[in-house]
Amino acid sequence: MASRKPLIAGNWKMNLNHLEAIALVQKLAFALNDKDFDKVDVAVLPPFTDLRSVQTLVDGDKLRIVYGAQDLSPHDAGAYTGDVSGVMLAKLGCTYVTIGHSERRQYHDEDDDLVNAKVQAAYRHSLTPILCVGEGLAVRQEGRHIAHSLAQLDGALRKITAEQAKSIVVAYEPVWAIGTGEVATPEDAQEVCGALRVRLAELYDTEVASAVRILYGGSVKSGNIAGIMAQPDVDGALVGGASIDAGEFAKICRFSDMPG
Ligand SMILES: O=C[C@H](O)COP(=O)(O)O
């Protein structure tokens, strides 16, 4: 069994200007210490407009916080007004890029083909995708949540090699639990995260499956993180609302100190 270092990633969504971004990262850096970073990888995913400020702070103060973007274009350059490419994100020192978040799928009609093209674009520029999958409420009520999440995984990984897949981060985010306060139970999270890992072994091999970090996302808070992290196939969390409060996010990053 590979040992997977947990990853706690904060998806700020469309919140915080570049000055607020600097303040939040400074507070977070102050709240966490080397021992925390030895135990957990901590990432922030600010809006595009904040990335340069975050890069300058992280580089200047040699912080162990890493950062990434919330989306990227499937194209590398050209006449794509409003889009941001993997080339640009790599130049800004991004480690991660979120792909296929349910809010992109819902509000920008992103389908599995586009998600797959974006995953390929990320790998072209050595960015690590945080690939989001997860079902809506109706699918959950019909009991098709596992099949739905596995189909999204299959679609996103077309043409992705085993070598590439080893480094991907998969985030299981049941849409009904996002921003609703309706957190999935630790057992719900484990059920789908476990199934995703089995599918990775089927698509590739056990080496890939045991290397990939699988996160849970959906109303994660300091009060529920410990139970979620206790699950064998959950390797971290993709945190939305609670990630724009530095104190709360730091507590989530210190999940091993939180009551279960
Ligand atoms: O990317 C993060 C997820 O959408 C979860 O958001 P939330 O923690 O606000 O529910």
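Why does Gly 179 count as exposed? With 12 C-beta neighbours inside 10 Å, Gly 179 falls in the exposed class, because a residue is exposed if 12 or fewer other C-beta atoms lie within 10 Å of its own, buried if 20 or more do, and partly exposed in between, with C-beta atoms placed from the backbone. The model is a predicted one, in which local features need pLDDT of at least 70 and side-chain atom pairs count only at pLDDT 80 or more, while totals for chains, interfaces and linings use all residues. Residues are numbered from 1 along each chain as its sequence is written.

8 strands close into a barrel in the order 1-2-3-4-5-6-7-8, with parallel pairing. Neighbouring strands of this sheet are turned by 25° against each other on average, direction ignored. Here strands (E, at least two residues) and helices (H or I, at least four residues) are DSSP runs numbered from the N terminus, and two strands pair if DSSP finds at least two bridges between them. Strands of a sheet pair through backbone hydrogen bonds, either parallel or antiparallel.

Strand 2 (residues 41-45) is joined to strand 3 (residues 66-69) by 2 bridges, and the two run parallel; Val 44 stands opposite Tyr 67 in strand 3. Strand 5 (residues 128-133) and strand 6 also run parallel, joined by 4 bridges, and Ile 130 has Val 169 of strand 6 as its bridge partner. Val 169 in turn has Arg 213 of strand 7 as a bridge partner. Strand 6 and strand 7 (residues 213-217) pair in the parallel sense over 4 bridges, and Tyr 172 stands opposite Tyr 216 in strand 7. Strand 7 then pairs with strand 8 (residues 236-239) in the parallel sense over 2 bridges, where Gly 217 stands opposite Leu 238.

Strands 6 and 7 are covered on both faces. In strand 6 (residues 169-172), Val 169 and Ala 171 on one side and Val 170 and Tyr 172 on the other are all buried. In strand 7, the buried residues are Arg 213, Leu 215 and Gly 217 on one side and Ile 214 and Tyr 216 on the other. Helix 6 lies across strand 4 and strand 5, running at about 175° to strand 4. Helix 8 (residues 145-156) lies across strand 5 and strand 6, at about 150° to strand 5. These angles run from 0 to 180 degrees between N-to-C directions, and the axes are lines fitted to C-alpha atoms, for helices over the stretch in contact.

The annotated positions come next. An unreviewed UniProt entry places the feature "active site" at His 101 and Glu 173. Although spread over 73 residues of sequence, they cluster in space, with a largest C-alpha distance of 8.4 Å. UniProt positions are given in the numbering used here, feature names are shortened, and annotations may be inferred rather than shown by experiment. His 101 is in the loop between strand 4 (96-99) and helix 5 (102-107), and counts as buried because it has 28 C-beta neighbours inside 10 Å. Glu 173 lies in the loop between strand 6 and helix 10 (186-203), and is buried, with 29 other C-beta atoms within 10 Å. Contact requires C-beta atoms, placed from the backbone, to lie within 7 Å. Leaving aside neighbours within four places in sequence, His 101 is in contact with Gln 70 and Cys 132. With neighbours left aside in the same way, the contacts of Glu 173 include Ser 102, Cys 132, Gly 217 and Leu 238.

For "binding site", the unreviewed UniProt entry lists Asn 11, Trp 12, Lys 13, Gly 179, Ser 219, Gly 240 and Gly 241. These positions span 231 residues of sequence but cluster in space, the largest C-alpha distance being 13.7 Å. Gly 179 is in the loop between strand 6 and helix 10, and touches Gly 240 and Gly 241, not counting residues up to four places away in sequence. Ser 219 lies in the loop between strand 7 and helix 12 (225-229) and counts as buried, with 20 C-beta neighbours inside 10 Å.

Methods. Two residues are in contact if their C-beta atoms, placed from the backbone, lie within 7 Å.
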